[in-house]
Amino acid sequence: MPSLSPSESYLLDFHARLAGVTARWFATAPVQREGEVFPSTYSLLEAVVPGDAQPRVVLDLACGDGHLLELLAKREQPGLSLLGLDMSEHELAAARARLKGAATLHLGRAQALPFADASVDVVLSHLALMLMDDVETVLAELRRVLKPGGTVSVVIGGDLVRGDAVEVFAGLLKPLLAAEARPWLPLGDPRVRSAEGLKVLFQDGFVDVALQDLAVQGDGEPHSVWDSLRTTYDADRLSPPARASLEATFLQAVEPLRRADGTVSCRWGMRQLTATSRRP
């Protein structure tokens, strides 16, 4: 791979230390979309791929430890060819162990996909597009490798859900980040984190762009909720003393939110964008 940006270097370090962490927290977390509850955000992406026997190539972009590819492989669907790409060798090692040859895995970057023009029917991506440098080049690569009329569907971070543990966490985190001596390291393009920005980015070369808000449920006992929140990128980049301070203040702050069963509400705001590659 070419030389990495500071943000890419950080992400590689993070996923070397915490390979599989995304699937750990979200593979079984129920998600609400337009009033209906689904098993997980991964299942929403898996459902985008038709279940017929037509030959079809599916790419999981930034495939991580291969959980989404595993859902597709378990179909044992005739004609389905699975590809995965990730820039983390540690995540790919976990994916190889999980998939046992059920998908072809590639080490690489989304800005330079190692696939032929018009060779992919469906591109899926879970919680990755909002982290990528030079997102316009990434989208150009998606347009290049997708067949005309092909589908792209991505799950990305969304708006903060008000009134629960994530909002408490975000409020406590902000001043700690501002007080850190190390320079702030932005991850990805901020346009990917807003509905308006996504619509602008996907107006070139895509049609039938659909955006749907998601609320992912991560409820649990306060220490369990903290374990998920501390592995967010922002919390991970805090100094150890700041992270310890955040843990103590967070656990104290969510005590009033405890329900009768001892759990607190923890909902992650996300979005799903699905679009079709424009035909010539």
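D208 is placed in strand 8 (residues 206-217), strands being DSSP runs of E of at least two residues and helices runs of H or I of at least four, both numbered from the N terminus. The phi of D208 is near 50°, a positive value in a residue other than glycine, and at 61% relative accessibility D208 counts as exposed, a term that stands for over 50% relative accessible area, with buried meaning under 20% and partly exposed the range in between (1.4 Å probe, protein chains only). The model is a predicted one, in which local features need pLDDT of at least 70 and side-chain atom pairs count only at pLDDT 80 or more, whereas totals for chains, interfaces and linings use all residues. Residues are numbered from 1 along each chain as its sequence is written, and side-chain values use heavy atoms, with hydrogens and water left out.

A positive phi near 50° is also found at L127, again a residue other than glycine. L127 is located in the loop between strand 6 and helix 6 (135-145), and, with a relative accessible area of 14%, L127 is buried. Most residues other than glycine have a negative phi.

Strand 6 (residues 120-126) contains L124, which is buried, with a relative accessible area of 1%. Leaving aside residues up to four places away in sequence, L124 touches L45, V48, V49, V58, L59, D60, L61, L68, L72 and S153, where contact means heavy atoms within 4.5 Å. Of these, S153 is 29 residues from L124 in sequence, while the C-alpha atoms of the two are 5.0 Å apart in space.

The secondary structure of the protein comprises 11 helices and nine strands. The radius of gyration of the protein is 19 Å, close to the 19 Å that the globule rule gives for 280 residues, so the protein is as compact as a globular protein of that length; the radius is taken over C-alpha atoms, and the rule is 2.2 Å times the number of residues to the power 0.38. Along its principal axes the C-alpha trace spans about 55 × 45 × 40 Å. Buried residues account for 50% of the 280 residues, and among contacts between residues at least 6 apart in sequence, 78% join residues at least 24 apart.

With residues up to four places away in sequence not counted, F250 touches A165, V168, F169, L172, P222, V225, W226 and L229.

F250 is also one of the buried residues of helix 11, the others being A242, L246 and L251. They cover an arc of only 160° around the axis, which puts them on the same side of helix 11, the arc being that of the directions from the helix axis to the C-beta atoms. P240, P241 and Q252 are exposed on the other side of helix 11, and the cover of its buried residues includes helix 7 (165-179) and helix 9 (222-229).

In helix 1, the buried residues are S7, E8, Y10, L11, F14 and H15. Seen down the axis of helix 1, they fall within an arc of 160°, so they line one face of the helix. Their cover includes helix 2 (21-26), helix 5 (89-99) and helix 10 (233-236).
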